[in-house]
Amino acid sequence: MAEVIRMPKMSDTMEEGVIANWNVKVGDKVDSGDILAEIETDKATMDMESYEAGTILYIGVEKGDAVPINAIIAVIGEEGEDFQSLLESGDASVNETEEDTTENVETTTPENSSTQSKEVTEVIDTSNIEATIIRMPKMSDTMEEGVIHTWLKKVGDKIAAGDMLAEVETDKATMELEAYEEGTLLYIGVKDGESVPIDGVIAVVGAEGADFESLLKADEQKNAPKTDKPKEVAPKKETAAEKPAETKPTKEAAPQMAAPVANSNGRVIASPLAKRLAEEKGIDIQAVAGSGPSGRIVKTDIDNFVPAAKPQAAPAAGNVAFAAPVGEESFTEMKVSQMRTAIARGFNPELPPPEFFVTMEINMDKAIAARVTMNEMSPVKISFNDMIIKAAAVALTKHPMVNSSWRGDHIRQNQHVHI
């Protein structure tokens, strides 16, 4: 008797699996324990084992496709056995819901039938486009977004399955992004150093000359209806705010640190995560320049935000001469990797920092002799404490990384010494 093979749940956080490779084809004889396919989960690539002996009658998922948990991916049984009834019963619930939704779209609002038919005709057909969208994968169970550390390929390069496309920095490590499709790299949507949320579009691979732009538009069209509930208000509000700002200068505005873009109500456009992080860090979001679409402020903008130095007060009188500044404070700020940021988040800021002591023996004979000589010439008495403080200050200038502090999302390295 024929049996359906479903996508197994291979990890506690797995929601879908990608067929990395089929080890069998339709018509192959398999025994219990044979490896049918390699499944890429959200944590690793694992072998899927057959629990039945028989003939592979049907394979419903192509290599590289993502499949939700429990979805039918193949059928195994006796050679020549009819398995169509298994597929129809197994996919009935999915087909029914799809038919219901299409019926509702066409029949529930007859008064808007003209607009409904207009929307239907505007749907982009991608069936003949030989290209595949590459999305940001979930490379760890706590990952919410990834940063493209380095692209290893460029637009126009030929790609083979298994080639490394890019290095992606997650909240735990920097990992390589592997290609599962063969073809030409047609499009790169994210630059080095930019962050992308899980499942965000990062590239397109396909046949040379394929209409990838239509594929991207169709993907946007497909994902847009997910905000159907507030459809009358939310989408129109956003498009009205973003449409004027979406002219090409937006990408140039980010490097120039343009002022944050506000909508018609005067509110700054920012993602909910960016707003929450700005509030947690005490950052005035009005002062942050957005690098997202239409100047939208995203998490990366908050992470990389450095407050502008306050202007120095002008001298009270124009003719007064001031002495040159002595002991002027200055510092440099360094970005940190997502992994170090994630580690920092794991520490409880309310707990006191750990204390530790380092002891060593120092021969002070020469210091004692030097102090006697210095005190003979010095107008004030020099103590051993003075000498130790001076030595510590000199050591900090020679080892500036010790003279640093953690600032929530970056490291500040001071170029002055306060003791």
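**Exercise 1. Decide whether T126 counts as buried, partly exposed or exposed.**

Step 1. Take the value. In this predicted model, T126 has a relative accessibility of 27%.
Step 2. Recall the cut-offs. Buried means under 20%, exposed means over 50%, and partly exposed lies in between.
Step 3. Conclude. T126 counts as partly exposed because its relative accessibility is 27%.

**Exercise 2. Work out how strand 12 is paired with strand 10 and strand 13.**

Step 1. Start with strand 10 (residues 145-151). Four bridges join strand 10 to strand 12 (residues 164-169). The two run antiparallel.
Step 2. Pick out a residue pair. A166 in strand 12 stands opposite W151.
Step 3. Turn to strand 13 (residues 174-178). Strand 12 and strand 13 are antiparallel and share five bridges.
Step 4. Find a partner here too. M164 has E178 of strand 13 as its bridge partner.
Step 5. Strand 12 and strand 13 make a hairpin, with four residues between them.

**Exercise 3. Describe how strand 19 is covered and which way its residues point.**

Step 1. Count the buried residues. Strand 19 spans residues 410-414, and five of its five residues are buried. The strand is mostly covered.
Step 2. Sort the residues by direction. H410, R412 and N414 point one way. I411 and Q413 point the other way.
Step 3. The residues pointing either way are all buried.

**Exercise 4. Identify the pairings of strand 19 with strand 17 and strand 18.**

Step 1. Take strand 17 (residues 331-335). Five bridges link strand 17 to strand 19, and the pair is antiparallel.
Step 2. Name a bridge. M334 has I411 in strand 19 as its partner.
Step 3. Take strand 18 (residues 404-406). Three bridges join strand 18 to strand 19, again in an antiparallel pair.
Step 4. Name a bridge here. S404 is partnered with Q413 in strand 19.
Step 5. Inspect the turn. Strand 18 and strand 19 form a hairpin with three residues between the strands. In this hairpin, G408 takes a positive phi near 95 degrees.

How values were computed. Residues numbered from 1 in each chain as written. Predicted model: local features only at pLDDT ≥ 70, side-chain atom pairs only at ≥ 80, totals over all residues. Heavy atoms only, no water. Buried < 20%, exposed > 50% of the residue type's maximum accessible area, 1.4 Å probe, protein only. Pairing = 2+ DSSP bridges.
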